[in-house]
Amino acid sequence: FFSCFNKYDRHRRIMFIPKESRIAVFSYLFKEGVCVVRKDTRSQTHPQIEGPTNLEILMLMKSLESRGFVRITFSWQYNYCYLTDEGIEYLRTYLALPAEIIPNTHKKQASRPDMRDREEDKYAGGRPAFRGGDREYRGREGGGGGFGRGGGV
């Protein structure tokens, strides 16, 4: 009996994902720069992406990882997928986006003021001196008390 399939091909499954679902996942991934996918193959929905099933998103991320476009970190039944520089270029050509558009993870955030500037405003004469805190309680004359190491007898 002649077979055109290799004996290992019957174990290999090919998943066809609709183009609308693929574009929805790729658009979300490019916009955010990261995608969190729960390892749940039975879930019919994804919390952030409308349309594709959780399994489809999981398989797309696996495919992108095998081509080096996404880096996946797995922890506590969640896949954390991070877009690489090669992945940004691939999605930009796939989605036909201009070079000015970049993922949110690559955008510069507005700088926050340093903590030192704010703390100096809080105390006019500099930082207050340490006053001992609970050391006064523990170090008083007469044994102090307590049941801890070397405590009251």
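Q: Contact means heavy atoms within 4.5 Å; among contacts in the protein chain between residues at least 6 apart in sequence, what percentage join residues at least 24 apart?

A: The share is 50% for the protein chain. The model is predicted, so local features need pLDDT of at least 70 and side-chain atom pairs count only at pLDDT 80 or more, while totals for chains, interfaces and linings use all residues. Residues are numbered from 1 along each chain as its sequence is written, and side-chain values use heavy atoms, with hydrogens and water left out.

Q: How many helices and strands does the protein chain have, and in what order do the elements run?

A: Helices (H or I, at least four residues) and strands (E, at least two) are DSSP runs, numbered from the N terminus. The protein chain contains 5 helices and 3 strands. Read from the N terminus, its elements follow the order α-β-α-β-β-α-α-α.

Q: What percentage of the residues of the protein chain count as buried?

A: A residue is buried under 20% relative accessible area, exposed over 50%, and partly exposed in between (1.4 Å probe, protein chains only). In this protein chain of 153 residues, 23% count as buried.

Q: Which residues touch the most other members of the largest nonpolar core?

A: A nonpolar core is a set of buried Ala, Val, Leu, Ile, Met, Phe, Trp, Tyr and Cys residues joined through side-chain atoms within 4.5 Å. The largest one here has 21 residues, and Leu-29, Cys-35 and Met-61 touch the most other members. Two or more residues of this core come from each of helix H1 (19–32), strand E1 (34–38), helix H2 (54–66), strand E3 (78–83) and helix H3 (85–94). Leaving aside residues up to four places away in sequence, Met-61 touches Val-25, Leu-29, Cys-35, Val-37, Ile-72 and Cys-81.

Q: Which residues form salt bridges?

A: Side chains of opposite charge can pair when their charged atoms come close. The criterion is a side-chain nitrogen of Lys or Arg within 4 Å of a carboxyl oxygen of Asp or Glu, and by this rule there are 2 salt bridges. One joins the side chains of Lys-31 and Glu-32 at 3.8 Å, N to O. Lys-31 is partly exposed at 48% relative accessible area, and Glu-32 is partly exposed at 23%. The other links Glu-89 with Arg-92, where the closest N and O atoms lie 3.2 Å apart. These two residues are 3 apart in helix H3, a separation of about one helical turn. Glu-89 is partly exposed at 46% relative accessibility, whereas Arg-92 is buried at 12%.

Q: Which residues does Ile-23 touch, not counting residues up to four places away in sequence?

A: Ile-23, found in helix H1, touches Tyr-94 and Leu-95 under that condition. Ile-23 and Tyr-94 are 71 residues apart in sequence, yet their C-alpha atoms are 8.8 Å apart in space. Ile-23 is partly exposed, with 34% relative accessible area.

Q: Which residues line the largest pocket?

A: On a 1 Å grid over the protein atoms alone, a pocket is an open set of points where a 1.4 Å probe fits, with protein on both sides within 12 Å along at least five of seven lines; lining residues have an atom within 4 Å of a point. Grid points are joined across faces, edges and corners, and the volume is the space filled by probe spheres set on the points. The largest pocket holds about 210 Å³ of space. Its lining consists of Met-15, Ile-17, Arg-22, Phe-26, Met-59, Leu-60, Lys-62, Ser-63 and Arg-67. H1 and H2 each supply at least two lining residues, and H2 gives the largest share, 4 residues.

Q: Which residues other than glycine have a positive phi, and where are they placed?

A: Trp-76 has a phi near 50° and lies in the loop between strand E2 (70–75) and E3. Trp-76 is exposed at 79% relative accessibility. Ala-96 has a positive phi of about 55°, and its place is in the loop between H3 and helix H4 (115–122). Ala-96 is exposed, with a relative accessible area of 64%.

How values were computed. Contact means heavy atoms within 4.5 Å.
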